[in-house]
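Thank you all for coming; I would like to take a few minutes to walk through one structure with you. Please have the sequence and the model open while I speak.

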Amino acid sequence: MTPSAPPVAVPMTAPVTTPPVAPSTLWEPEIIAFCCNYCAYAAADLAGSKRMQYPVNVRIIHAPCTGKIEMEHILDAFLKGIDGILVAGCLEGGCHFLEGNLRARKRTDRIREMLAEIGVGDERLKMVNLSAAMAPTFVESVQQMVDTVKALGPSPLKESEPREESQHLESEG
Amino acid sequence: MIVASPKSITELKNLIAGHKKVLFVGCGTCVTVCLAGGEREVGLASYAIRMARRLADEPLELSQQTIERQCENEFIKDLAEAAAKVDAVVSFGCGVGGQTIAERFPDKPVYAGLNTQFMGTLEEQAVWTEKCLGCGDCMLALFGGVCPVTRCAKRLLNGPCGGSTETHCEVDEDRPCAWQLIYTRLKGIEQLDRLDEVVPPKDWAPSWHAGARKVVRKEHRVG
């Protein structure tokens, strides 16, 4: 009979416990990127093809043109608690529909004014212009947006009301 | 059309402070065309107010409805059901619309969501200019269709002042001189001789100065 093996020495290390995590460190911003089909969406696709890494916080919404993004779309997302929105359109002068990106710029500027007046903060909305070949710019813009929103913290509109809320519209007009 | 501008979000928020159920009413006529109080603008204002009230932790039940014309009782009756459920109504019509709604619902506070500006015309996309003062005694025929009562800062009826710069008003360099426009227009329609006539002082009696006016057209009265 083989003598029984001596007991295995127990390593003298502290027991493994999960340190308490502050709620703030658990929070990750939710960001929407409205991407124009002809530039930013292709740039995001290219970034993926090139295996470029960018934060997972961003959810891309494919738009036919930034000029198609209505002010209501952006306001609705903020009302529902989104932390930040990036509007990514073509370079000025390069819009497939001539001036959709210029109109989008005016609209985002107006919404930024509204957000500032309401108290949500205008830094949570940003518009960038880029071309389909500018994957690094797209990645950088997303990263900057995430950094900005992380510094700002969660949207003050988040979680204070159920997400299902939407505009109740009755029109007789 | 009647041209109006939206009130600021802060002002709107203050207007309905203390009310928990509010109805925003848009108007489908003038203020829709001047992009101030149509269905869409009411929607945008609603988003802004919902956010502002939520941030202030003041719950708000907000509903919206846009009717064809706020200045006619025939259309306002469509609001009765929605108005019955709320504490207050905000009219996104002109001042006429807001008052007509208030008369229709005597037990409801009715607030104006817009600042009514003037009767004007669309010059280009999103630019309106005042063209008529509603003086009650139209003199357009004398001036080739250009109204100096409205468009001349000094309301001069017998030629320009000495202050106009080139073709523009000295009061506002972006504003064309009404008398330059009158001259050009009369020349174009070969009626420059009209300028030889001295226009007597304007009769302001039909104007607003004695208070709100009333028009009755007997031939169209019923009963």
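Let me begin with the lining of the second largest pocket, whose residues fall into nine nonpolar, five polar and four charged. Please keep in mind throughout that what we are looking at is a predicted model. This second largest pocket has a volume of about 660 Å³, and of the 18 residues that line it, those closest to its centre are Ile2(B), Val96(B), Gln99(B), Met119(B) and Arg213(B). Three elements of chain B give two or more residues to this lining, namely helix H6 (95–104), strand E6 (114–124) and strand E7 (127–132), and it is H6(B) that provides the largest share, with five residues.

Which residues of H6(B) are buried? They are Gly97(B), Gly98(B), Thr100(B) and Ile101(B), and because they cover an arc of only 165° around the axis, they lie on the same side of H6(B). The buried residues of H6(B) pack against strand E2 (21–27), helix H4 (73–76), strand E4 (88–92) and strand E5 (110–112), which belong to chain B. On the face of H6(B) turned away from that buried side we find the exposed residues Gln99(B) and Glu103(B), and Gln99(B), as I said, is also among the residues closest to the centre of the second largest pocket.

Now to the largest pocket, which holds about 1,000 Å³ of space. Its lining consists of 30 residues, and those nearest its centre are Met71(A), Arg107(A), Arg110(A), Leu35(B) and Ala126(B). At least two lining residues each come from helix H4 (100–118) of chain A and, in chain B, from strand E1 (2–6), helix H1 (9–15) and helix H3 (39–55); the most come from H4(A), which gives six.

Finally, a single residue of chain A. Lys158(A) sits in the loop between helix H5 (135–152) and strand E5 (169–171) of that chain. Is Lys158(A) buried or exposed? With a relative accessible area of 16%, Lys158(A) is buried, because the cut-off for that word is under 20%. The side chain of Lys158(A) reaches the backbone oxygen of Gly81(A) at 3.2 Å.

Methods: Residues are numbered from 1 along each chain as its sequence is written. Chains are lettered from A and ligands numbered from 1 in the order in which they are written. This is a predicted model: local features need pLDDT of at least 70, side-chain atom pairs count only at pLDDT 80 or more; totals for chains, interfaces and linings use all residues. Side-chain values use heavy atoms; hydrogens and water are left out. Helices (H or I, at least four residues) and strands (E, at least two) are DSSP runs, numbered from the N terminus. Buried means under 20% relative accessible area, exposed over 50%, partly exposed in between (1.4 Å probe, protein chains only). A polar contact is a pair of N or O atoms within 3.5 Å; within protein, one must be able to donate a hydrogen and the other to accept it, and residues adjacent in sequence count only if both atoms are side-chain atoms. On a 1 Å grid over the protein atoms alone, a cavity is a set of points where a 1.4 Å probe fits but cannot get out, and a pocket is an open set with protein on both sides within 12 Å along at least five of seven lines; lining residues have an atom within 4 Å of a point. Grid points are joined across faces, edges and corners, and a volume is the space filled by probe spheres set on the points. Ala, Val, Leu, Ile, Met, Phe, Trp, Tyr, Cys and Pro count as nonpolar, Asp, Glu, Lys and Arg as charged, and the others, Gly among them, as polar. The arc is that of the directions from the helix axis to the C-beta atoms. Contact means heavy atoms within 4.5 Å.
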